[in-house]
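Open the model in your viewer and show it as a cartoon. This tour goes from the whole chain to single side chains.

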Amino acid sequence: MNKYKYIVLLIILFPYVGLAQLNPELIQYKQDINPDTIKQSVEQLQNFGSRYAFNPNRVEVSNYLKNRLEQYGWEAKIDSFYMENFEYPYFSGIINTGWQYNVVADKGGRYAPDTFFVIGAHYDSYAYFDSLTYFHNSPGADDNASSVAAILEIARIFQKHNIQPTKTLRIEFYAAEELGLHGSSIAIQRSHYKFNEHISGMLNCDMIGYKSDPLSPDTVKLIYYDNSQELTDFAEQTTLNYTTLIPNKTTELNQYSDSWSYYSWGRRAIFLQESEFHPLYHTSNDLSTTLNYPYLSK
């Protein structure tokens with residue numbers, strides 16, 4: 001068995017398996033996690049050139065993600081929201097106004113279809129450290145095509161093995177995260193106010209593909225919240241049972257990605273991230289060629 005085929009497997013397991021014993025079906029599924037498929041998805045997202053929130057191609061990007069999920073048999077939709085008179089960069093005098101597009105897809109639960117477990121990642125990117133070029137050249141391979149590609153791989157595995165989760169599994173790809181967690185904030189507010197949905201938990205992925213030293217131990221940050229001890233323990237045990245990753249539980253940066261939106265609304269949440277922060281994130285050099293795909297597959 002390829003020892004590298006495992007961050008993707010960890011994400012699959014959350015809504016599906018308990019802690020008591022190893023699940024032989026899941027051991028079988030992990031063999032189908034494909035680093036090459038994940039790499040292709042990262043490259044396709046990178047090829048948009050820019051996924052900056054107000055770039056004119058944002059409709060095209062969201063439709064690409066929706067179509068990918070539908071190809072894997074998921075019920076997908078675009079959930080749009082409007083941002084008006086948004087100044088960015090801050091204090092620049094540049095005013096942005098326009099629609100943003102979350103992408104949402106559900107896989108109905110077998111036993112608890114009215115209870116939702118959310119797996120989310122933002123798909124927008126920018127190259128803020130390159131001055132104004134983030135409008136035009138923000139490939140965002142690690143931040144955050146790496147996570148989007150991992151979740152697309154999950155969608156593919158669910159289709160291939162005809163997996164039906166116990167609870168309804170919801171995939172969410174968020175717009176405008178880099179400008180202040182806007183997409184995930186809208187998602188949880190609409191879930192709460194408009195649909196009165198029961199969200200049992202949220203797993204966020206943000207930057208999961210960089211590891212510079214192939215000889216150093218493979219570690220993953222399990223970034224947790226004070227209402228999510230059970231979920232954090234589950235993540236730690238699942239990591240140890242099904243992968244060769246070393247889990248590192250921490251609260252570092254837990255306010256700076258989309259899981260914070262769910263935590264702020266009282267939902268249990270956890271946030272997966274690479275242990276070694278990508279030195280070229282938010283630049284035009286955050287490229288697919290800088291990622292470690294065996295590690296990303298884990």
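**Whole chain**

Start with the surface: the chain exposes about 12300 Å², and carbon and sulfur atoms supply 48% of that area. Keep in mind that this is a predicted model. Buried residues make up 58% of the chain.

**Salt bridges**

The structure holds 12 salt bridges. Select Arg-190 and Asp-79; their side chains meet at 2.6 Å, N to O. Arg-190 lies in helix 6 and Asp-79 in strand 1, so this pair ties together parts 111 residues apart in sequence.

Next, select Arg-170 and Glu-197. Their closest N and O atoms are 2.8 Å apart in a salt bridge. Arg-170 sits in strand 4, and Glu-197 in the loop between helix 6 and strand 5. Are they buried or exposed? Arg-170 is buried at 8% relative accessibility, and Glu-197 is buried at 15%.

Now pick Asp-233 and Lys-249, a salt bridge at 3.8 Å, N to O. Asp-233 is in helix 7 and Lys-249 in strand 7.

**Nonpolar patch**

Finish with Leu-253, Tyr-256 and Phe-277, which make a nonpolar surface patch of about 300 Å². Leu-253 is in the loop between strand 7 and helix 8, and is partly exposed at 32%.

Conventions
Residues numbered from 1 in each chain as written. Predicted model: local features only at pLDDT ≥ 70, side-chain atom pairs only at ≥ 80, totals over all residues. Heavy atoms only, no water. Buried < 20%, exposed > 50% of the residue type's maximum accessible area, 1.4 Å probe, protein only. Areas by Shrake-Rupley, 256 points an atom, 1.4 Å probe, with all protein chains shown as cover. Patch = residues over 30% accessible without salt bridge, like charges linked within 9 Å, V, L, I, M, F, W, Y side chains within 5 Å. Salt bridge = Lys/Arg side-chain N within 4 Å of Asp/Glu carboxyl O. Helix = DSSP H or I, 4+ residues; strand = E, 2+ residues; numbered from the N terminus.
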